[in-house]
Amino acid sequence: MTAAGAAGRSPWLLLAVLGPALAAGLVGALTSGLRTALLAALAAGAVGAVLALLARGERVRVLEAAASDAAAKDRATQAERDAAAYEERVLAAALEGIADGVWITDASGAVVRHNAALRRLLDAGQEVVGKRPLFLVRKGELHEAVLRACAAGTSSVVEVVMEGPRPRVLEVQVAPLGGGLPGSAAVFRDVTELKRLERVRQDFVANVSHELRTPIAAILGYAETLQSGALSDAVHGPQMVDIIHRQSERLSELVSDLLELSRLDAKERPLTVGAVAVSEVVARAAEAVEPRATAKHISITHRVAPGLAAQADAKALEQVLVNLLDNAVKYTPEGGAVELTARQEAMRVELSVRDTGLGIEAKHLPRLFERFYRADRGRSREMGGTGLGLSIVRHLVSAMGGDVRVQSQLGLGSTFTVTLSAA
Ligand SMILES: Nc1ncnc2c1ncn2[C@@H]1O[C@H](COP(=O)(O)OP(=O)(O)O)[C@@H](O)[C@H]1O
Ligand SMILES: [Mg+2]
């Protein structure tokens, strides 16, 4: 059916089919008879249909507009929801990303949210959400800090010592939530290692002072005795000068060992680790301690597999071997033997310094490489030791990517073994 045919029979149908605007245009183009018929039809009753059409269009438009408005609103609320979900995810990720434990409480002090680190730090087996501080950590001080933050908006720092199988010290910062939100937040930091290091540092300072005081006191004492007359004593005078000289040497060794350790700590002396011909380094180290060995009638032998190369810093490796050989000579009685061997074991190079000396009691072995640790304090001092040699050895060896260990039997001798990567 053509448009004109349709218009001929049912003009308002045309309207319905083509839409009012187009129909009106068509009506204008129609023959006058048809136009009359159409107008008559419109007048006779199609008005309702046209109005209905128009109304439907309007309603559709309104609906469409409303729909698009709703969709826009929907889209807006969706965007808000997305943003909120994103924020929530960022918050959760940030909370989980923090190595410290975090909990957030409501205004009554009950936990409403926390991260996984908190569970770990508190060894919390059960649910944490909904619990009060005092239930989770049995420390009144922390509980009060949380209540203070909630009620009075006070921030505080509380130290909590956790007992049990994994004892540790936690530093807890408690603060009100702020931003008009009720409740509090607490950040739990594990400061166990920090506390240990602090103690090590304090012990170290105390040790250094003590070690320095002994030779200084001797030097002062003998110098004063000489000043007050002993200088003219032909027998005791020279003896005192000898002591002053020996103690000064000791002082100087102590200070140079301390400086060496501090340089190593500060990584001021970067090591250049590369392929090092082991036999050359071994020969130089043996040569350095030879005079002391000869003086005690101790033989030093060294055996190195030909062509052996290790990943090392030549100077550092020499320093390590001199320290170990020096100890071997120092703690071996006259007439003993010291042997240095180096060989390859798979991808590693093993350097061993073995002596036939005093040996070390098993109880001392785990702590032997610590600063100022001595198996026999009196003997070490008497021998002019600083107690720092092995800690320097351990430092240097680990800086070269290797490790050092000791085997010893009291009265039979000791073996110190350094392992490095083969080159
Ligand atoms: N070869 C060894 N035989 C016996 N004891 C040793 C040997 N090497 C080290 N020790 C013990 O380990 C302690 C620490 O050694 P080190 O750090 O070199 O300090 P020191 O200045 O006393 O030699 C020594 O005081 C000594 O008791
Ligand atoms: Mg030593």
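In helix α8, residues E211, P215 and Y222 are buried, a residue being termed buried if 20 or more other C-beta atoms lie within 10 Å of its own, exposed if 12 or fewer, and partly exposed in between, with C-beta atoms placed from the backbone. The number buried is three of the 36 residues of α8, so this helix lies largely in the open. The cover over its buried residues includes α9, where a contact requires that the C-beta atoms of two residues, placed from the backbone, lie within 7 Å. Helix α8 spans residues 192–227 and reaches 52 Å from its first C-alpha to its last, close to the 52 Å expected at 1.5 Å a residue; the expected span is 1.5 Å times one less than the number of residues. After α8 comes G229, with a positive phi near 125°.

The structure is a predicted model, in which local features need pLDDT of at least 70 and side-chain atom pairs count only at pLDDT 80 or more, whereas totals for chains, interfaces and linings use all residues. Residues are numbered from 1 along each chain as its sequence is written, while chains are lettered from A and ligands numbered from 1 in the order in which they are written. The predictor's confidence in each residue, pLDDT, runs from 0 to 100; its mean over the chain is 84, and 84% of the residues reach 70 or more. Over residues 1–63, pLDDT stays under 50, and the model has 42 contacts beyond four places in sequence for this segment. Where pLDDT is low, the predicted coordinates should not be read in detail.

The chain contains 13 helices and twelve strands, defined as DSSP runs (helices H or I, at least four residues; strands E, at least two) numbered from the N terminus. Of its 423 residues, 24% count as buried. Among contacts between residues at least 6 apart in sequence, 56% join residues at least 24 apart.

The largest nonpolar core comprises 39 residues, and those with the most contacts inside it are A312, V320, L321, L324, L325, V338 and V393. Such a core is a set of buried Ala, Val, Leu, Ile, Met, Phe, Trp, Tyr and Cys residues joined through C-beta atoms within 7 Å. Two or more residues each are given to this core by α10 (278–295), β8 (309–312), α11, β9, β10, α13 and β12 (413–421). Helix α11 contributes the largest share, eight residues. Beyond its neighbours within four places in sequence, V338 is in contact with A293, I298, I300, L325, A328, V329, T332, V353 and D355. A second, separate core of 17 residues includes V137, L142, A145 and V172.

Ligand 1 is surrounded by 19 residues, the closest being R374, A375, S380, G385 and G389; a residue is included if its C-beta atom, placed from the backbone, lies within 6 Å of the molecule. Helices α11 (314–330) and α13 (389–399) each supply at least two residues of this shell. Its residues divide into eight nonpolar, eight polar and three charged, with Ala, Val, Leu, Ile, Met, Phe, Trp, Tyr, Cys and Pro counted as nonpolar, Asp, Glu, Lys and Arg as charged, and the others, Gly among them, as polar.

Positive phi values also occur in residues other than glycine. One of these is K267, with phi near 55°, in the loop between α9 (236–265) and β6 (274–277). K267 counts as exposed because it has 9 C-beta neighbours inside 10 Å. Phi of A346 is likewise positive, near 55°, and A346 lies in the loop between β9 (337–345) and β10 (348–355). With 7 other C-beta atoms within 10 Å, A346 is exposed.
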